[in-house]
6 protein chains.
Amino acid sequence: MTRPSGRRPDQARDLRITRNFTCHAEGSVLIEVGNTRVLCTASVEESVPPFLRGKGQGWVTAEYGMLPRSTHTRSAREAAKGKQSGRTQEIQRLIGRSLRSVTDLAALGERQITLDCDVLQADGGTRCASITGACVALHDALTGLVKKGLLPANPLRELVAAVSVGIHEGRPVLDLDYDEDSNCDTDMNVVMTASGGLCEVQGTAEGVPFTRSELNALMDLAESGINGLIAAQRRALEL
Amino acid sequence: MTRPSGRRPDQARDLRITRNFTCHAEGSVLIEVGNTRVLCTASVEESVPPFLRGKGQGWVTAEYGMLPRSTHTRSAREAAKGKQSGRTQEIQRLIGRSLRSVTDLAALGERQITLDCDVLQADGGTRCASITGACVALHDALTGLVKKGLLPANPLRELVAAVSVGIHEGRPVLDLDYDEDSNCDTDMNVVMTASGGLCEVQGTAEGVPFTRSELNALMDLAESGINGLIAAQRRALEL
Amino acid sequence: MTRPSGRRPDQARDLRITRNFTCHAEGSVLIEVGNTRVLCTASVEESVPPFLRGKGQGWVTAEYGMLPRSTHTRSAREAAKGKQSGRTQEIQRLIGRSLRSVTDLAALGERQITLDCDVLQADGGTRCASITGACVALHDALTGLVKKGLLPANPLRELVAAVSVGIHEGRPVLDLDYDEDSNCDTDMNVVMTASGGLCEVQGTAEGVPFTRSELNALMDLAESGINGLIAAQRRALEL
Amino acid sequence: MTRPSGRRPDQARDLRITRNFTCHAEGSVLIEVGNTRVLCTASVEESVPPFLRGKGQGWVTAEYGMLPRSTHTRSAREAAKGKQSGRTQEIQRLIGRSLRSVTDLAALGERQITLDCDVLQADGGTRCASITGACVALHDALTGLVKKGLLPANPLRELVAAVSVGIHEGRPVLDLDYDEDSNCDTDMNVVMTASGGLCEVQGTAEGVPFTRSELNALMDLAESGINGLIAAQRRALEL
Amino acid sequence: MTRPSGRRPDQARDLRITRNFTCHAEGSVLIEVGNTRVLCTASVEESVPPFLRGKGQGWVTAEYGMLPRSTHTRSAREAAKGKQSGRTQEIQRLIGRSLRSVTDLAALGERQITLDCDVLQADGGTRCASITGACVALHDALTGLVKKGLLPANPLRELVAAVSVGIHEGRPVLDLDYDEDSNCDTDMNVVMTASGGLCEVQGTAEGVPFTRSELNALMDLAESGINGLIAAQRRALEL
Amino acid sequence: MTRPSGRRPDQARDLRITRNFTCHAEGSVLIEVGNTRVLCTASVEESVPPFLRGKGQGWVTAEYGMLPRSTHTRSAREAAKGKQSGRTQEIQRLIGRSLRSVTDLAALGERQITLDCDVLQADGGTRCASITGACVALHDALTGLVKKGLLPANPLRELVAAVSVGIHEGRPVLDLDYDEDSNCDTDMNVVMTASGGLCEVQGTAEGVPFTRSELNALMDLAESGINGLIAAQRRALEL
């Protein structure tokens with residue numbers, strides 16, 4: 001019994017990280033996870049949202065979007081519909097929380113960094129790819145602030161990355177593509193730091209509920225997958 | 001070192017479930033978890049949303065809202081602002097998924113049940129209370145369809161309930177109230193069925209990331225808490 | 001010829017006023033008029049809307065909502081539709097005007113009190129119940145400001161209450177319930193103060209227009225009904 | 001003590017009704033009441049809104065708007081703000097109800113007539129002028145349907161008109177202009193048919209509440225004012 | 001081969017400009033171009049939009065709307081739909097640019113003038129009529145500022161007007177009415193100043209593309225048409 | 001006096017057209033014009049919008065968007081703001097019209113093709129690049145329909161492309177980049193077919209109005225520029 005892609009259960013998809021993909025943003029990363037491609041840009045703004053003004057700390061936030069034809073069939077453009085779906089909002093809240101969990105917001109000072117994650121081509125796992133790519137873009141933007149003398153040191157405490165795992169035809173597998181994702185019983189997204197700290201664990205039974213031992217097997221797969229992603233981030237950043 | 005409420009780490013809040021709280025809905029439950037009070041109504045509609053028409057199955061969905069002054073300070077009314085927040089949409093998607101995971105949608109036939117969960121008074125844990133209360137309202141609505149002869153048997157496969165757990169001042173605790181929730185390092189919502197199957201595990205590090213062993217301790221607490229909730233649902237439903 | 005409820009033409013429904021129904025608001029009243037149940041909360045804010053800034057006076061305003069399943073069949077949630085209906089806006093403007101007409105806004109100082117009237121269960125007369133209940137919540141909130149030493153005296157000049165009257169099957173009747181309201185020829189809402197001053201008279205012919213003498217008969221009924229409501233407000237407030 | 005305009009207390013403003021003011025609509029009336037000018041068009045559509053389909057009756061509805069600079073200072077354009085104010089919705093509901101109360105909707109058949117009332121210049125009393133003018137436009141549109149052989153007889157049962165009355169500096173006065181309207185204690189709009197039937201009575205105390213005897217005096221003034229308006233409608237329509 | 005209206009190819013429609021059509025605005029012009037009638041008001045506000053604050057210059061902007069029944073069949077009211085169409089926004093941007101191109105914004109000082117162009121009756125060419133009429137309203141508003149001593153001289157550098165031209169049944173024609181506009185191959189709007197400077201040239205092939213020599217023929221027609229419009233503006237303004 | 005980029009007045013920017021840039025769309029083209037990069041996808045849908053149903057013809061339409069950080073400083077995401085700007089709507093209407101002008105809609109049959117033009121990186125001329133790139137994507141999508149046997153022949157009558165020209169520091173120049181575009185007196189976009197037919201001519205004076213002879217010089221530049229673009233389209237399509 002093989003996966004639709006022919007991958008082994010613990011085999012992640014090929015990963016490619018291209019820095020400076022576009023020229024205006026302070027950080028700009030194209031991340032390719034198999035056929036999933038997300039453009040992640042980091043924009044620095046020298047002010048913070050109203051609820052933080054005068055508190056001497058910074059903010060990191062994220063926005064997420066899919067190009068209308070990034071998917072198999074065209075989806076309506078959210079700007080034309082006049083609102084972002086619940087799914088979009090849920091994803092951008094997740095990306096923002098994940099990156100804030102590794103950033104020293106006090107050390108950032110009263111500035112905001114916005115991570116825009118725009119999916120050019122979708123084949124499953126876009127939210128995880130967004131987190132992994134946005135972390136590299138954020139690192140670049142923060143390094144830029146250090147180089148300009150605006151910050152004494154990079155306030156990113158450590159790298160963070162994310163992967164999806166799931167139970168597909170009764171078996172735990174790593175890094176679901178669209179075919180697996182739309183057919184699996186349980187789908188879990190895990191966000192973890194370089195030092196192995198968990199930032200987010202979001203497991204959902206699409207059909208049959210899952211057990212504690214399945215949860216453990218999925219967590220094991222996710223940890224090994226994320227270690228691979230963080231190694232790739234380090235290579236891309238030449239750290 | 002005690003909890004703000006004086007509860008033991010593994011002690012849940014007092015729970016009260018009042019059925020038939022209002023008179024029009026097919027199911028109407030007031031659930032009180034400590035000072036958190038949520039009115040959960042189940043409304044049966046003899047049609048399904050467009051994407052399911054003609055597929056011979058039903059649908060269960062949920063909507064969530066907080067009365068403007070259910071909270072310590074007044075929040076703006078979402079109807080007046082003209083849109084639901086990302087948080088609201090995330091919660092109502094979670095409630096809907098949780099209840100669908102225990103409902104035999106094919107057995108329900110081409111009808112939709114909407115669970116409205118409206119928070120009258122908030123003191124932490126409103127999404128979990130909503131799931132636990134909505135399950136009872138859904139049971140009542142489905143029993144009503146059986147009594148009317150519209151269904152041969154209740155399509156609810158088993159009961160489902162939810163609880164929050166978290167790491168507060170370094171210690172895993174069960175069933176966070178507002179004081180704990182706004183101060184804890186890690187916050188996790190767990191949705192589990194009567195037979196111990198996991199529907200949702202959503203853990204978030206608000207500050208310091210958490211470890212695998214903390215994840216396990218939280219899962220243990222959550223399981224024991226949910227078993228208590230399901231016993232209370234059974235008593236309320238006289239099952 | 002009797003009324004659907006069996007009441008006499010000049011007989012109001014049973015009334016119950018519960019103060020401190022929820023715990024966070026400065027005033028919180030559950031008013032039950034027959035089967036109609038409205039939760040009225042008063043929230044004090046230490047600032048005024050922009051058009052009043054620096055004018056040395058306060059403001060009293062109201063918002064109104066119906067829970068989706070407060071009615072016989074479920075209505076769409078206004079927060080989900082993204083806008084408040086014309087009916088909702090008309091009602092909340094009426095509640096606000098009625099309460100401002102008995103409040104000494106200059107004596108209130110530069111603060112705003114918002115009355116949220118949320119219908120938990122509807123059986124006709126929700127706007128009138130909202131006004132009658134909100135007046136008690138407002139009284140509690142203002143008394144609280146006096147107790148805290150923020151105001152020298154309660155700026156509520158007198159109590160105000162509201163009732164509906166109508167011509168049902170050719171006969172003037174007091175306090176319409178849903179069955180009567182959806183079948184009557186003329187429907188009139190009257191808002192009156194404890195001293196008998198009229199704040200609002202809103203009569204509408206749903207079918208056949210009404211005459212001056214019918215208008216007079218309806219006004220007589222309304223006056224006697226409101227006197228009963230104000231007596232009940234006094235008992236609830238122990239005045 | 002005179003009125004700002006020098007009019008007697010029971011003196012209405014000059015009235016001018018111009019039919020066929022624009023060329024496309026089935027009825028098009030410019031009504032001028034003193035300096036208030038409203039363009040009222042009636043548009044016939046050969047279908048009814050969804051809630052009436054197949055019920056064998058017609059519908060009459062209204063929309064209301066003010067041009068941004070119809071007022072002393074420019075108001076924001078509602079189309080640009082993206083929503084109609086509560087006041088706008090309240091007024092267009094009032095106009096629609098008033099005209100439906102004199103139309104035999106069954107005789108109209110399954111068609112809808114929309115009355116658009118657009119204020120070109122405002123000097124108080126725009127909602128009353130809208131009703132009075134829209135009645136003439138509706139009459140013209142219905143006559144047109146008779147002339148085309150689509151209806152055997154005009155389904156307008158009788159004419160209807162509206163006027164505002166109020167208590168200004170302690171004295172009941174007829175037909176308030178802007179100066180009086182923004183300064184009066186009580187403001188009342190009365191909608192009455194040619195045969196003296198009351199369709200709407202909407203009295204509001206802006207400051208001091210009003211008494212039953214003031215209500216009576218205002219009703220007397222309104223009746224005489226509306227009789228004058230209906231005579232003018234008859235002249236304009238050559239009835 | 002004649003035009004539907006019987007006009008010669010180079011013959012414009014009758015033009016009428018009525019100043020002071022309404023009483024509140026600083027400039028108020030009714031422009032009638034054949035059966036097209038647009039009310040153009042100029043409103044002066046003693047502040048500028050945020051992006052210009054403190055820059056020592058003024059701003060001229062425009063808004064455009066069509067009354068729902070200005071057209072052959074009723075169009076939905078944009079305020080009720082909750083948004084302005086792309087066409088509306090395109091037109092109001094064009095009107096604003098055209099008028100700014102002849103106004104010395106620095107000389108205007110930190111104030112804004114808003115031109116509201118509302119179509120009372122439409123028969124083609126409403127955007128061009130709006131520009132031509134708004135220019136007269138703007139002149140009146142600016143003259144008013146000079147008369148009040150708020151400006152030393154009128155900052156309008158010169159008059160500006162607009163006309164549509166098109167290729168109808170193979171022949172270039174001036175000033176399209178609705179019948180021609182809805183049937184022509186190419187439609188071009190030209191905005192030109194009194195001294196012959198071009199502000200806007202917007203040509204669109206609705207069907208077959210057009211040639212350079214057709215472009216030239218259309219420009220010739222437009223120039224002669226605009227000269228006639230500017231002569232009429234001068235007469236209206238008694239310049 | 002040289003251009004900021006050092007180009008000659010009649011020198012266009014380097015152009016690169018990459019087909020099949022993403023994998024799901026029926027046509028997918030990345031067009032790079034200097035530093036401007038736009039992803040143009042063509043999506044085929046086997047139905048037409050309501051206004052065309054049953055008329056035996058197809059439709060071609062376009063949507064346009066800029067990624068938030070495609071520009072020098074981050075712009076707000078239109079999906080988050082809840083509406084598309086006037087500029088966005090104007091551009092997508094222009095793209096749609098341009099492509100419809102070269103498509104035989106009757107030959108297309110009852111299907112719709114949507115061109116999504118999303119700007120990844122902006123350096124001036126994004127609307128022109130969108131048209132030029134979308135034409136190639138449209139060609140690919142139509143060729144695909146022919147290959148699948150759904151159409152007997154490609155309904156694209158001829159290629160179409162667009163370029164901007166302008167008067168910069170008094171001199172007509174071809175293909176404005178951002179530096180020139182934000183500083184030029186006149187900006188004109190020209191859309192032309194392979195056979196030299198004009199689809200759109202949109203010239204705007206940003207500052208000083210322009211003359212007929214400048215219009216002619218700009219048209220000459222545009223024609224030569226578009227001929228170059230169409231040659232590049234042919235090479236990319238191997239025609």
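The following legends describe close-up views of a predicted model.

Local features are given only where pLDDT is at least 70, and side-chain atom pairs count only at pLDDT 80 or more, whereas totals for chains, interfaces and linings use all residues. Residues are numbered from 1 along each chain as its sequence is written, chains are lettered from A and ligands numbered from 1 in the order in which they are written, and side-chain values use heavy atoms, with hydrogens and water left out.

**View 1. An open sheet of eight strands is built from chains A and B.** The strand order is S7(A)-S6(A)-S8(A)-S9(A)-S9(B)-S8(B)-S6(B)-S7(B), and the pairing is antiparallel. Strands (E, at least two residues) and helices (H or I, at least four residues) are DSSP runs numbered from the N terminus, and two strands pair if DSSP finds at least two bridges between them. At the edges stand strand S7 (171-174) of chain A and strand S7 (171-174) of chain B, each of which pairs on one side only. Neighbouring strands are turned by 15 degrees against each other on average, direction ignored. Within chain B, strand S6 (residues 160-168) and S7(B) run antiparallel and are joined by four bridges; Gly166(B) has Val173(B) as its bridge partner in S7(B).

**View 2. Helix H2 (residues 86-100) of chain A packs on this sheet.** The helix touches strands S6 (160-168), S8 (186-193) and S9 (198-205) of chain A as well as strand S9 (198-205) of chain B; contact means heavy atoms within 4.5 Å. Its direction makes about 150 degrees with that of S9(A), where axes are lines fitted to C-alpha atoms, for helices over the stretch in contact, and angles run from 0 to 180 degrees between N-to-C directions. Helix H2 (residues 86-100) of chain B lies across S9 of chain A together with S6, S8 and S9 of chain B, at about 150 degrees to S9(B).

**View 3. Asp175(A) and Arg13(A) form a salt bridge, with N to O at 3.2 Å.** A salt bridge is a side-chain nitrogen of Lys or Arg within 4 Å of a carboxyl oxygen of Asp or Glu. Asp175(A) lies in the loop between S7 and helix H5 (178-181) of chain A, and Arg13(A) in the segment before strand S1 (15-19) of chain A, so the pair ties together parts that are 162 residues apart in sequence. Asp175(A) is buried, at 6% relative accessible area, and Arg13(A) is buried at 11% (buried means under 20%, exposed over 50%, partly exposed in between, with a 1.4 Å probe and protein chains only). Both residues belong to a salt-bridge network that also includes Arg3(A), Arg7(A), Asp123(A), Asp177(A) and Glu180(A).

**View 4. Arg212(C) and Asp220(D) form a salt bridge, their closest N and O atoms being 3.0 Å apart.** Because Arg212(C) lies in helix H6 (residues 212-237) of chain C and Asp220(D) in helix H6 (residues 212-237) of chain D, the pair joins two chains. Asp220(D) is partly exposed, with 44% relative accessibility.

**View 5. Chain E contains an open sheet of five strands with mixed pairing.** The order is S1-S2-S3-S5-S4. Strands S1 (15-19) and S4 (59-66) of chain E are at the edges with a single partner strand each, so one side of each is left without a neighbour in the sheet. Strands S2 (residues 27-33) and S3 (residues 36-45) of chain E run antiparallel and are joined by seven bridges, and Gly27(E) stands opposite Ala42(E) in S3(E).
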